[in-house]
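Dear colleague,

Please find the sequence and the structure below.

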Amino acid sequence: MKSLKLDHELAHFVLKGEKTSTWRLYDDKDLSVNDDVRLIDKVDPKNPATWKPIGTAHITMIIQKRLGDLEDVDYEGHERFTTKGELLKTYQTYYGPQVTFDTPVKIVRFVFDSKGNNIDEVVANKSTYIKEVKLYSDGGSRGNPGPSAAGYVIMTMDNQIVVKKAMYLGVTTSNQAEYQALKSGLEEALKMRVREVHVYMDSLLVVNQMLGIFKVKNRDLWPIHESIKELLARFKHVSFTHVPRELNKIADGAVNEALDEALR
């Protein structure tokens, strides 16, 4: 299980239930939504012998922004700063003078349990998870068939990125990659306990096949098409919208990053 180290004051407020988020400027843990993490209280930061675990947290949301773009809503469950100057100075103290308002920050929100309960039950009894999201997915193949990758981005309804992932698929077709991206994104949304998903794709073929406008004539696509239909039944509502590629840049970029990494 991954661990997150908290300064003593923050750990104190987490134990009291007054803090339910932490901001991370350099995420060396590669944190993801649905991760269970052990929280460590650094009682004396200079003496690791005093550090102690205080309980387990389940990550329900990760939002990525620039430090200078933080808004009032981002402070939910987190300490507040009087001015942006105070915010910048504080994080320069923690991370060094290289921190600027352009430095990326991850807002990590979690459900905390200090009593050893089943964390899934604790989460289920909270209303902190996201119920409705936008899902942008994309797949690409260099050669068709050729080296392929799938990527997706899950956003809140006000366009804040919660999850962005991509995976190399090996040699396949672009249509298979598009379907795999959609399937993986929907599976991630289910793990997040999302109830409503608005899917956006630049593949007109996949959108129309999922809407039942086009038949699935390629037998290689039948199994994944059927498995996605089974996933859809587990949501309250799923919509499909075709968008031009320029409106799907984040998922498209994730696909190309995965392909570039795999083909180096």
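**Salt bridges**

Arg-245 is partly exposed, with a relative accessible area of 44%. In these notes, buried means under 20% relative accessible area, exposed means over 50%, and partly exposed lies in between (1.4 Å probe, protein chains only). The model is predicted: local features need pLDDT of at least 70 and side-chain atom pairs count only at pLDDT 80 or more, while totals for chains, interfaces and linings use all residues. Residues are numbered from 1 along each chain as its sequence is written, and side-chain values use heavy atoms, with hydrogens and water left out.

Arg-245 forms a salt bridge with Asp-202, the closest N and O atoms being 3.6 Å apart. The term refers to a side-chain nitrogen of Lys or Arg within 4 Å of a carboxyl oxygen of Asp or Glu. Asp-202 lies in the loop between strand S9 (196-201) and H5, and Arg-245 in the loop between S10 and helix H7 (249-262), so the pair ties together parts that are 43 residues apart in sequence. Helices (H or I, at least four residues) and strands (E, at least two) are DSSP runs, numbered from the N terminus. Asp-202 is buried, at a relative accessible area of 12%. Salt bridges that share partners join Asp-138, Asp-202, Arg-245 and Asp-252 into one network.

By this rule, the count comes to 15 salt bridges. One of them is between Asp-35 and Lys-2, with the closest N and O atoms 3.0 Å apart. Asp-35 lies in the loop between strand S2 (21-24) and strand S3 (36-42) and Lys-2 in strand S1 (residues 2-7), so this pair ties together parts that are 33 residues apart in sequence. Asp-35 is buried, with a relative accessible area of 18%, and Lys-2 is partly exposed, with 29%.

**The sheet**

Five strands form an open sheet in the order S1-S3-S4-S5-S2, with mixed pairing. Two strands pair if DSSP finds at least two bridges between them. The edge strands are S1 and S2, each of which pairs on one side only. Strand S4 (residues 52-66) and strand S5 (residues 104-113) pair in the antiparallel sense over 10 bridges. Lys-65 stands opposite Val-105 in S5. Lys-65 also forms a salt bridge with Glu-71, the closest N and O atoms being 2.9 Å apart. Lys-65 is buried, at 14% relative accessible area, whereas Glu-71 is partly exposed, at 46%.

**Helix H6**

Which residues of helix H6 (residues 222-232) are buried? They are Ile-224, His-225, Ile-228, Leu-231 and Leu-232. These residues cover an arc of only 115 degrees around the axis, which puts them on the same side of H6; the arc is that of the directions from the helix axis to the C-beta atoms. On the other side of H6, Pro-223 and Glu-230 are exposed.

**Nonpolar cores**

A nonpolar core is a set of buried Ala, Val, Leu, Ile, Met, Phe, Trp, Tyr and Cys residues joined through side-chain atoms within 4.5 Å. The largest has 59 residues, and those with the most contacts inside it include Trp-23, Leu-39 and Val-199. Its largest share, six residues, comes from S4. A second, separate core of seven residues includes Val-153, Met-155, Ile-161 and Val-243.

Yours sincerely
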